[in-house]
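Subject: Structure handover

Hello,

Here is the structure you will be working on. Please open it beside this email and read the notes below with it.

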Protein chains: 2
Amino acid sequence: MANTKNEPHISQAALARIPRYLLYLHKKRDQGERYVSSTEISQDLNRNPVQVRKDLALISKVSGKPKLGFDVGELIDAIEGFLGYRRQSEAVIAGVGQLGKTLLSYPGFSDYGLKITAGFDLNPKLAGTTHNGKPIYDIADLSDYVKQHKTVFGVITVPAAAAQTVADLMTGAGIRAIWNFAPVHLSLPDGVALKNENMAASLAMLSLRLRALEGDDPQ
Amino acid sequence: MANTKNEPHISQAALARIPRYLLYLHKKRDQGERYVSSTEISQDLNRNPVQVRKDLALISKVSGKPKLGFDVGELIDAIEGFLGYRRQSEAVIAGVGQLGKTLLSYPGFSDYGLKITAGFDLNPKLAGTTHNGKPIYDIADLSDYVKQHKTVFGVITVPAAAAQTVADLMTGAGIRAIWNFAPVHLSLPDGVALKNENMAASLAMLSLRLRALEGDDPQ
């Protein structure tokens, strides 16, 4: 797997919990609360207090004040900074099949300040249409679009046989991070971040967990 | 996160590589090859030889014979045993929206001996239809279906507000492992395996990787 030496020191499971904290803190601020303790957060969100403290320590250097807790505004700033809310974070998708459409209409990306702006496909019938309000263009226009919009993220949901070609097209146009759903190993230039997604392996992982729970060690 | 103490000793990234080995070994066996070395595998699949040796050691107790390599048939049996090919491995999906449909038509699950057999939805217009050849039923019929088919895996792709209700329905009917795509914490009975999937957190993880590559430490 490429780039594992650059793995951030936070698990994806912890990352999945962060937007909920942010939503909660915004609500607290809107209610005029100046401070909040990790105990209060864990009670209100019905979460393990140890996990809450660990999560907050991972994403923020802001420390709680004795008897007062965290400064709500400072903690919001720290989390938004961690999530990169102030960075360019637009993505394009190549491959507007079932999976591409699902991602184009997936509502959760904005929780992380990420936005999929357009889809690209080989199918001439799709070019010029929209999905969930996002424009779909011919794959031949991907390079110009990425250069013009300085898009950083590329999502690959084309069939395996086309994935490397699309990856080359993307990185050649300036894409610096690829989220790959095609079941194939991509060769990428140095300095390009990669995350492979394999839905089947994910379900298979659940199967192994079940067997471990049942004491049927698959090893 | 529930059940982390039962986490299998293999990463999802390694798990994602396994079906490719199996396909390769079946081809070797069909060609009449009796033995294959890890060096040969790594060359033929264009993979790092150290990674290949580690992967094979994780999934199989079969060891290579000096100068001969692995017995192809034994290695195939070991991998298929590891992946649970001889176990019941059927799944149902609750929530046949865009994401549910994507999973119903996703081709890769069979690589792991897993099969999604039916979808369930609240929408009465969907009941009685099919998607990718899979029947869609009313959610009210989920419990009977699961009991009758002794289904083990449940996939939750309903909105967050409905996810706990669906999880209760599933575990009440005998489902023992849940793959949850709803952005919500599920309370499950002891002994039920859980894997939460958060697509937004996955894309956010790529964003953190990119920042680490660029030397912009998000901490």
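Which residue does Gly119(A) stand opposite in S6(A)? Gly119(A) stands opposite Ile136(A).

Before the rest, some conventions. This is a predicted model, in which local features need pLDDT of at least 70 and side-chain atom pairs count only at pLDDT 80 or more, while totals for chains, interfaces and linings use all residues. Residues are numbered from 1 along each chain as its sequence is written, chains are lettered from A and ligands numbered from 1 in the order in which they are written, and side-chain values use heavy atoms, with hydrogens and water left out.

The sheets

Helices (H or I, at least four residues) and strands (E, at least two) are DSSP runs, numbered from the N terminus. Two strands count as paired if DSSP finds at least two bridges between them.

In chain A, 7 strands make an open sheet with mixed pairing, in the order S5-S6-S4-S3-S7-S8-S9. Its edge strands are S5 (130-131) and S9 (193-196) of chain A, each of which pairs on one side only. Strand S4 (residues 115-121) of chain A runs parallel to strand S6 (residues 134-138) of chain A, and 3 bridges join them.

Chain B has an open sheet of 7 strands too, in the order S5-S6-S4-S3-S7-S8-S9 and with mixed pairing. Strand S5 (130-131) and S9 of chain B are at the edges with a single partner strand each, so one side of each has no neighbour in the sheet. S4 (residues 115-121) and S6 (residues 134-138) of chain B pair in the parallel sense over 3 bridges, and Gly119(B) stands opposite Ile136(B) there.

The two chains together

Contact (heavy atoms within 4.5 Å) involves 68 residues of chain B and 68 residues of chain A. The buried area, meaning the accessible area (1.4 Å probe) that two parts lose on being put together, summed over both, is about 6,600 Å² between the chains, and carbon and sulfur atoms give 64% of it.

A salt bridge is a side-chain nitrogen of Lys or Arg within 4 Å of a carboxyl oxygen of Asp or Glu. The interface has 2 salt bridges by this rule. Arg176(A) forms a salt bridge with Glu214(B), with the closest N and O atoms 2.7 Å apart. The elements that give two or more residues to the side of chain B that touches chain A include helix H1 (12-30), helix H3 (49-59) and helix H8 (199-213) of chain B. H8(B) gives the largest share, 15 residues.

Salt bridges overall

Over all chains, the search finds 12 salt bridges. Lys28(A) and Glu40(A) form a salt bridge at 3.1 Å, N to O. Lys28(A) is in helix H1 (residues 12-30) and Glu40(A) in helix H2 (residues 38-45) of chain A, so the pair ties together parts 12 residues apart in sequence.

Regards
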